[in-house]
Amino acid sequence: MCGIFGVVYKDGERVPSEECLRRSAELISHRGPDGSGIYREAGIGFAHTRLSLVDLNKRSNQPMWDSEGRHCLVYNGEIYNFRELREHLVDRGVRLLTTSDTEVLLLCLAMDGPEITLPKLEGMFAFAFYDKHERKLLLARDRFGIKPLVIYEDDDLILFASEVKAMQPWVRLRPNGFRIVSDLMEFGQPARNHHLFEGVKIVSPGSAICFEFGSALEDRKYCDLTDMIDRATLEEQESLSDLQIVDRVDEQLQRSVQRMLFADARVGALCSGGIDSSLIMAIAARHCDNLAIFHANVVGPL
């Protein structure tokens, strides 16, 4: 995992503090111990802490810019189909400078725009994409909300981050009494959209938030889970026998796990000892003979 943070001053003029940006990066440095970077200009600033998995070279550090210096990306996640997307870029004559999924995501967004790119992404991610010429910012989170992304807004500024603690140098965070009481009373649903701190919201899975100086935030849903239902596939599966369904599930699990094993760093997994993690490790072992396995043993009554 990596850590991302950003600040936007709505007046578009104030330059974010370098000291505060570096402090925000330090507060989420545990998410990315392999490198960090910041960028700031009038009205906007970014910070990133990197956990190196693909292309361990410093050339893939973030914030990452395209060759024109127009588009910038701070990103946390993995795009499992980045190799296919990369091939499409190469076929179009694009020259890539790294072997990372970060650059592929950046260039796809810059060339095709988020409307075309977001539905194509297979993976888990939270990112901020900035167009310096048009001064537009896009925040996006993956379909299932695997990667965290929170946002804060008041009259003067907008903050976004992988973790709320990165916002501490910029605003005074106050506990949200309603959410705390709701959790203690196990209210559940009424508190779902309320964060533990006032003014902080969790970006919804499958959402993209757009901001342009002089305009209000615009929250767009680019994917609902119902969009992922393929009627033709459902009809086909209804005609399968029980054994055929078992084979189909095995085939999909094999494919899914194998697609997630790419990395230039050593691959590992945390095993709980349950069926799901044990099954995933058994499948992964078929495709990788150098797995690191971690297991936590809890002593005492649960």
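Start with α2 and α3: α2 passes α3 in a left-handed crossing. Left-handed means that the near helix is turned anticlockwise from the far one by less than a right angle; right-handed means clockwise. The model is predicted: local features need pLDDT of at least 70, side-chain atom pairs count only at pLDDT 80 or more, and totals for chains, interfaces and linings use all residues. Residues are numbered from 1 along each chain as its sequence is written, and side-chain values use heavy atoms, with hydrogens and water left out.

**Stop 1: α2 and α3**

Select residues 82-91 for α2 and residues 101-112 for α3. Helices (H or I, at least four residues) and strands (E, at least two) are DSSP runs, numbered from the N terminus. The two helices pack at an angle of about 50°, with axes 10 Å apart. Axes are lines fitted to C-alpha atoms, for helices over the stretch in contact, and angles run from 0 to 180 degrees between N-to-C directions. That angle makes α2 oblique to α3. Under 35 degrees counts as roughly parallel, over 145 as roughly antiparallel, 65 to 115 as roughly perpendicular, and the rest as oblique.

Now show the side chains. On α2, pick Phe-82, Leu-85, Arg-86 and Leu-89. On α3, pick Asp-101, Val-104, Leu-107, Cys-108 and Met-111. These residues make the contact, meaning heavy atoms within 4.5 Å. By class, the contact has seven nonpolar, no polar and two charged residues. Ala, Val, Leu, Ile, Met, Phe, Trp, Tyr, Cys and Pro count as nonpolar, Asp, Glu, Lys and Arg as charged, and the others, Gly among them, as polar.

**Stop 2: α7 and α8**

Select residues 242-259 (α7) and residues 275-287 (α8). They pack at about 70°, with axes 9 Å apart. α7 and α8 are therefore roughly perpendicular. Here α7 passes α8 in a right-handed crossing. Leu-253, Gln-254, Val-257 and Gln-258 of α7 meet Leu-279, Ile-280, Ile-283, Ala-284, Arg-286 and His-287 of α8. That contact has six nonpolar, three polar and one charged residue.

**Stop 3: the loop between β3 and β4**

Go to Asp-55, in the loop between β3 and β4. Asp-55 is not a glycine, yet its phi is positive, about 55°. Asp-55 is buried, at 4% relative accessible area. Buried means under 20%, exposed over 50%, partly exposed in between (1.4 Å probe, protein chains only).

Next, select Pro-63, in the loop between β3 (44-50) and β4 (64-65). A cis peptide bond joins Gln-62 to Pro-63, with omega about 0°.

**Stop 4: Arg-135**

Finish between β6 (123-131) and β7 (136-141), where the loop holds Arg-135. Arg-135 also has a positive phi, about 55°. Arg-135 is partly exposed, at 26% relative accessible area.
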